[in-house]
Amino acid sequence: VAIAGVLYVLSFPVDPYAGFELTVKAFTIIILGGIGNLVGALLASGCATSGTKAEEKANAQRARSRFDIGTDHMQNGQIEMGLREYLAAVSLQPRNAEYQHALGTAYVRKQRYVEAEQHLRIALEISPEYHDARFNLSTLLLGLGRFEEARAEADRLFEDATFPGPW
């Protein structure tokens, strides 16, 4: 079982944002496996448990870190690196409208409009009142010459009394 612990560690890519938790988990697997405690090794590896609140929180923190790093890259004009970080954040938390919106706007900057529209729409599915996502989708559709769709999205914004307007 100790060998299984080592293989477990080697079979997954190292995430520098994972922090101390992964190291402790791997160490525990190796130690407990080495003394023949298969149940302990399975518990430590997460095989015998499902996602806990602590794991969900750590996952959310990793996603936020990747998002923040992506935002920094985007602000510094490093679009490809920002896009990579946004993709990582979305892979960790696909139901986060803010991350989907950021990914959509990054794709606009790369002129990958199909992907941009897809992620902006996902952001709106998650959070229908997300004004920035709707405004950016409307702008994208307008730029693509899809005037009726752009107008429909813009009308939804202007009919919303909580929309502050782009001005």
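## A tour of the helix packing

Start by selecting H4 and H5: their crossing is left-handed, a label given when the near helix is turned anticlockwise from the far one by less than a right angle. H4 covers residues 53-75 and H5 covers residues 79-92; helices here are DSSP runs (H or I) of at least four residues, numbered from the N terminus.

Before going on, note that this is a predicted model, in which local features need pLDDT of at least 70 and side-chain atom pairs count only at pLDDT 80 or more, while totals for chains, interfaces and linings use all residues. Residues are numbered from 1 along each chain as its sequence is written, and side-chain values use heavy atoms, with hydrogens and water left out.

**Colour by confidence.** The mean pLDDT (the predictor's confidence in each residue, from 0 to 100) is 80, and 68% of the residues reach 70 or more. Residues 4-45 have pLDDT below 50, and in the model this stretch makes 41 contacts beyond near neighbours in sequence. A contact means heavy atoms within 4.5 Å.

**Back to H4 and H5.** The two helices pack at about 160°, and their axes are 7 Å apart. Axes are lines fitted to C-alpha atoms over the stretch in contact, with angles from 0 to 180 degrees between N-to-C directions. H4 and H5 are therefore roughly antiparallel to each other, a term for angles over 145 degrees. Show side chains on both: in H4, the residues that meet H5 include Ala-63, Phe-67, Ile-69 and Met-74, and on the H5 side Leu-83, Tyr-86 and Leu-92 are among the partners. By class, this contact has 11 nonpolar, five polar and three charged residues. Asp, Glu, Lys and Arg count as charged, Ala, Val, Leu, Ile, Met, Phe, Trp, Tyr, Cys and Pro as nonpolar, and the others, Gly among them, as polar.

Arg-64 is partly exposed, with a relative accessible area of 31%; buried is under 20%, exposed over 50% and partly exposed in between (1.4 Å probe, protein chains only). Leaving out residues up to four places away in sequence, Arg-64 touches Glu-98 and Tyr-99.

**Move along to Gln-111.** Look in the loop between H6 (97-109) and H7 (113-126). Gln-111 has phi near 60°, a positive value in a residue other than glycine, and at 58% relative accessible area it is exposed.

**Next, select H7 and H8.** H8 spans residues 131-143 and packs against H7 at about 150°, with the axes 9 Å apart. H7 and H8 are therefore roughly antiparallel, and their crossing is left-handed. The contact of H7 with H8 divides into nine nonpolar, one polar and three charged residues.

**Zoom in on Leu-137.** This H8 residue is buried, with a relative accessible area of 0%. Beyond four places in sequence, Leu-137 is in contact with Glu-117, Leu-120, Arg-121, Leu-124 and Glu-153. Its C-alpha lies 8.4 Å from that of Ala-116, 21 residues away in sequence.

**Finish at Glu-153.** Which helix holds Glu-153? Select H9, residues 147-158. Glu-153 counts as buried at 11% relative accessibility. Not counting residues up to four places away in sequence, Glu-153 touches Arg-121, Leu-124, Arg-134, Leu-137, Ser-138 and Leu-141.

Notes
Angles under 35 degrees count as roughly parallel, over 145 as roughly antiparallel, 65 to 115 as roughly perpendicular and the rest as oblique.
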